[in-house]
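Open the model in your viewer and keep the selection tool at hand.

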Amino acid sequence: MAVLVVCALLCLSGWVSLYFILCNINGSRSYEWNCRLVTLFHGILAVCITAYIGYVDGPWPFTYPGTKNTPLQISAMVVSLGYFIFDMGWCVYFRTEGPVMLAHHTMSILGILLTLWLGESGIESCAVLFGSEITNPLLQARWFLKQTGHYGTLLGDVVDVLFVLLFVVMRIFVGGTMLYCELISPRPRFFIKCGGVAMYALSWVFMVDIVRFAIRKSKSWHKQQRDQQGAVAANGHEGKKD
C-alpha cells in the first residue's frame with residue numbers, strides 16, 4: 001500500500017507540473033484554459049488506457065465484476081487518482097465548479113481509493129473511468145470553441161450533438177447495464193455496489209442538466225431557422241417589387 005501512496009503522489013506531482021508548464025508556455029491564456037488542457041490530456045489518456053483494459057487486456061467488466069486488480073488496472077487508477085486530486089484542489093481554490101461536479105470528483109477519488117485498498121473490482125472502476133471520460137474531450141472542445149469565438153458555427157453544433165448522444169449512450173444506457181451486472185453479481189463487495197449506485201445516480205443529475213440544455217439548443221435552432229426563412233421571404237418580396 002505504501003508503494004501505491006508513493007505512486008499516487010508522483011502522479012499528482014506530474015499533473016501539477018504539467019499544469020505549471022502549460023501556464024508558463026501559455027502565459028497569455030487564463031489559468032482555466034491551461035487547467036482544461038490538462039483535463040483534456042487526462043481524458044484522452046484515461047480513455048485510451050481503460051479502453052485497452054476493457055477490450056484487450058480484460059477481463060470483460062460486464063461478465064467478471066469483482067475480480068482482483070491487475071497491474072494495468074492499478075496503474076490506470078493511480079494515474080486518474082492523481083489527476084482528480086489535482087483538479088479537485090484547483091476547482092476548490094478557484095471556485096469554478098458547483099456542488100455536483102465537486103461531488104463527482106469526491107466520489108471518483110473515494111471510489112478509486114476503496115478499489116485500490118480492497119485490491120479488487122478494478123475492472124469496474126476502469127469501466128466507470130472509460131464511460132465518464134469518453135465525453136470529456138467533447139466537453140472541453142465545446143469550452144475552447146466558446147473561448148475562441150467558434151462555438152456558433154457548424155462545428156459547435158456537431159460537438160454539442162455528439163456530446164449529448166455519447167453521454168446518453170455511455171453514461172445512461174451502457175452505465176445502467178454495467179450497474180445491473182454489478183448488482184446481480186455475488187462477487188463485488190457491498191460498498192462497491194453502493195458506489196456504483198451513487199455514480200449512476202450522479203449521471204442522472206448531469207442528465208437533467210443536459211436535457212435542459214438540449215431543449216434550449218433545439219429552441220435556438222428553430223428560432224434561427226424561422227429568422228432565416230423570414231429573411232429569405234422578405235428579400236424575395238423586395239425583389240419582386242423591384
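How many helices and how many strands does the secondary structure of the chain come to? The count is 8 helices and 0 strands, in a model that is predicted. Read from the N terminus, the elements run α-α-α-α-α-α-α-α.

**Whole chain**

Show the C-alpha trace first. Along its principal axes the trace spans about 85 × 45 × 35 Å. Colour by accessibility next: of the 242 residues in the chain, 38% are buried. Among contacts with a separation of 6 or more, 77% are between residues 24 or more positions apart.

**From α1 to α2**

Select Gly27, in the loop between α1 (2-25) and α2 (31-57). Gly27 counts as exposed because its relative accessibility is 57%, and the cut-off for exposed is over 50%. Gly27 and Asp57 are 30 residues apart along the chain, and their C-alpha atoms are separated by 41 Å.

**The loop between α2 and α3**

Move to Pro59, which is found in the loop between α2 and α3. Display the backbone here: the peptide bond joining Gly58 and Pro59 is cis, with omega at about 0 degrees.

Thr67 lies in the loop between α2 and α3 as well. Which residues does Thr67 touch, not counting those up to four places away in sequence? They are Pro59, Glu120, Ser121, Gly122, Ile123 and Arg187. For a distance to draw, take Glu124: its C-alpha atom is 9.0 Å from that of Thr67, and the two residues are 57 apart along the chain.

**Ser121**

Ser121 sits in the loop between α4 and α5 (122-133). Its phi is positive, about 65 degrees, although Ser121 is not a glycine. Is Ser121 buried or exposed? Ser121 is buried, because its relative accessibility is 0% and anything under 20% counts as buried.

**Arg95**

Go to the loop between α3 and α4 and select Arg95. Arg95 is another residue other than glycine with a positive phi, here near 55 degrees. Arg95 has a relative accessible area of 75%, so it counts as exposed.

**Helices α3 and α4**

Two packed helices are described by the angle between their axes and the distance between the axes. Select α3 (residues 71-94) and α4 (residues 99-118) together. Their axes come within 9 Å and cross at roughly 150 degrees, which means that α3 is roughly antiparallel to α4. The crossing is left-handed.

Show side chains along this contact. On the α3 side, the residues include Ile74, Met77, Leu81, Phe84, Ile85, Met88 and Val92. On the α4 side, Leu102, His105, Ile109, Ile112, Leu113 and Leu116 are among them. Colour the contact by class: there are 14 nonpolar, 6 polar and 1 charged residues. Asp87 of α3 belongs to the contact too, and aspartate is in the charged class.

**Helices α6 and α7**

Next, select α6 (residues 136-147) and α7 (154-184). How are α6 and α7 arranged, roughly parallel or roughly antiparallel? They pack at an angle of about 155 degrees, with axes 9 Å apart, and are therefore roughly antiparallel to each other. α6 passes α7 in a left-handed crossing.

From α6, the contact takes Leu138, Leu139, Arg142 and Leu145. From α7 come Leu155, Gly156, Val159, Asp160, Leu162, Phe163 and Leu166. By class, the contact has 8 nonpolar, 1 polar and 2 charged residues.

**Ser185**

Follow the chain past the end of α7 to Ser185, in the loop between α7 and α8 (190-241). Ser185 counts as buried because its relative accessibility is 9%. A polar atom of the Ser185 side chain lies 3.3 Å from the backbone nitrogen of Arg187. Which residues is Ser185 in contact with, leaving aside its neighbours within four places in sequence? Select Pro65 and Lys193 to see them.

Notes:
Residues numbered from 1 in each chain as written. Predicted model: local features only at pLDDT ≥ 70, side-chain atom pairs only at ≥ 80, totals over all residues. Heavy atoms only, no water. Helix = DSSP H or I, 4+ residues; strand = E, 2+ residues; numbered from the N terminus. Buried < 20%, exposed > 50% of the residue type's maximum accessible area, 1.4 Å probe, protein only. Polar contact = N/O pair within 3.5 Å; in protein donor to acceptor, adjacent residues only side chain to side chain. Contact = heavy atoms within 4.5 Å. Axes fitted to C-alpha atoms, helices over the stretch in contact; angles between N-to-C directions. Parallel < 35°, antiparallel > 145°, perpendicular 65-115°, else oblique. Left-handed = near helix turned anticlockwise from the far one by under 90°.
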